[in-house]
Amino acid sequence: MQPMIIILKEGTDSSQGKSQIISNISACQAVAEAIRTTLGPRGMDKLIVDNRGKATISNDGATILKLLEIIHPAARTLVDIAKSQDAEVGDGTTSVVLLTVEILKNTKTFIEDGMHPTIIIRAIRKATALATKKVKEIAVYVKSDDAKEHRALLEKCAQTTLSSKLIARQREFFSKMVVDAVLMLDELLPLNMIGIKKVTGGSLEESRIVDGVAFKKTFSYAGFEMQHKKFLKPKIALLNIELELKAERDNAEIRLDNVAEYQKIVDAEWSILYDKLEKLHTAGVNVVLSKLPIGDVATQYFADRDMFCAGRVQEDDLKRTQKACGGAIITTVENLNEQSQQVMGTCEIFEEIQIGSERYNFFTGCPKAKTATMILRGGAEQFIDEVERSLHDAIMIVRRAVKNDSIVAGGGAIEMALSRTLRDYSRTVPGKEQLIIAAYAKAFEVIPRQLCENAGFDATNILNKLRQKHAENHMWFGVDIMHEDVSDNFTAAVWEPAVVKINAITAASEAACLILSVDETIKVPKSSAEPSNAAKAMNMA
């Protein structure tokens, strides 16, 4: 009799073969069901409550998947591709997940019939290359020589993104704001140079954009109200120094035997602080910003000398101010004098302005780096959070459109065009590949179908109309959400950067191939830690 060989640890769960692939596909389908209804202008929102009771309302695919805490190993792949789409192009996170799942669903029957996954993967890769090539071919390049025309293009791309968000009604207002913010940046378009601040209260239309840096008034001491609140071309000192009395005794132990010596120590503390303040004043500084606290003595001192100060400024705000206004964040004021101007920043205007119930410090007309700050207004906190997420998507899309000036029509138009191209191509391919490429072509129809279902339209009827239009070579026809019909979405200005679609198709196909190539899952059991001797002795084990 052959002895039994045990390789894996006892309790290891391993499942393999055809049933395992089908099980993984079913898990992915369950994930897609969670975000299916969020697609498009008529998409619904999801309210997710985490284990600490924090509620998040969103219809951004990546945000929802991140908050769902999915534990199925194959389904986690969908979370990763949604994140990658969000990081790379910002929008299209729901589309990429739906596309992946539809490709898997359409290939599921082939797996059940016993076709080898490798054949399916090979055909999918072939179809993907064809689809991306087709997008590049039919994408329309918009010349950006005319600034007015270029701006209109960017606004339309931003509006298309915002049409499926919570702020769809105000999309014209916000698309202008987003384009302004992106065009304020320098050529590299760094995302961290757009600050977004949220002030609850007021209406959405009261949101504003600042050409420079703005941050909330920091914690302040007595004397703050006496300070000047507006300076023209100020000298700005950026510090990483604590201007408070208590800062001087850092865990020191001093033994004294008479009161006079104690008085000397107290006087020394005061003189050290006053020395620092004096150096800042004589260097001609008007605005003092510090990452560390600025105490009441310093605040009053600055107020008496017509200087403005803010302590405990957040690090990212301080760094953005440094990049925009120039200068350096200094850790000592010893060498500060009239000559050391290069370590100080400046801007055209500094002022403090009341916004709602908050006060904000504005630095405008910054000479060094280009930066912008959006100040969002609105009702509930969750609502403003969702507005911020929506604007992040729009900013990413506009950045992409600035860098890649090729666009395609949205609203399911490009998907139907690709579906038709691939279906025609599949008829020229012999063997099993023909079936797989045809199934891949059908998967693209999930986007227009889902747009119709979310808007409450008859999806079959509208898809038939779209197939007819595309067969007649009207390749920009897509779903018209406003009139429950089909329309030329290119003339209707429903535009998306071509790079969004290329990225989505590539990511969806890669994820589908990855899930199809997994035919075994091995789960190692969690190790139950041995109870210690002390625990045994106390009868805790």
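Okay, let's start with helix 14: its buried residues pack against helix 4 (93-112), helix 12 (413-426), helix 13 (432-443), helix 15 (459-471) and strand 18 (477-480). Keep in mind that what we're looking at is a predicted model.

So how covered is helix 14, which runs over residues 446-455? Mostly covered, with seven of its 10 residues buried. If you want to find them, click on Val 446, Ile 447, Pro 448, Gln 450, Leu 451, Cys 452 and Asn 454.

Let's zoom out for a second.

Next, a pair of helices. Two packed helices are described by the angle between their axes and the distance between the axes. Here we've got helix 6 (residues 147-162) and helix 11 (residues 381-403), with axes that come within 9 Å and cross at roughly 145°. That crossing is right-handed. Who's doing the touching? On helix 6 we have Leu 154, Cys 157, Ala 158, Thr 161 and Leu 162, and the helix 11 side includes Ser 390, Asp 393 and Ile 397. Sorted by class, the contact has 10 nonpolar, two polar and one charged residues.

Now, rings. How many aromatic pairs does the structure hold? There are 13. Take Phe 490 and Trp 495: the ring centres are 5.3 Å apart and the planes are at 35°, so we call this pair tilted. Phe 490 counts as buried because its relative accessible area is 18%, under the 20% cut-off. Trp 495 is buried too, at 13%. And there's a whole cluster joined by ring pairs, made of Phe 215, Phe 224, Phe 231, Phe 308, Phe 350 and Phe 363.

Last stop, Leu 65, which you'll find in helix 2 (residues 61-68). Is Leu 65 buried or exposed? Buried, since its relative accessible area is 1%. What does Leu 65 touch, leaving out residues up to four places away in sequence? The answer is Val 31, Ile 35, Ile 70, Leu 78, Val 79, Ala 82 and Val 97. Pick Ala 82 from that list: Leu 65 and Ala 82 are 17 residues apart in sequence, and C-alpha to C-alpha they are 7.8 Å apart in space.

That's my tour, thanks!

Note on methods:
Residues numbered from 1 in each chain as written. Predicted model: local features only at pLDDT ≥ 70, side-chain atom pairs only at ≥ 80, totals over all residues. Heavy atoms only, no water. Axes fitted to C-alpha atoms, helices over the stretch in contact; angles between N-to-C directions. Helix = DSSP H or I, 4+ residues; strand = E, 2+ residues; numbered from the N terminus. Left-handed = near helix turned anticlockwise from the far one by under 90°. Contact = heavy atoms within 4.5 Å. Nonpolar A, V, L, I, M, F, W, Y, C, P; charged D, E, K, R; others polar. Buried < 20%, exposed > 50% of the residue type's maximum accessible area, 1.4 Å probe, protein only. Phe/Tyr/Trp six-rings, centres within 6.5 Å; stacked < 30°, edge-to-face > 60°.
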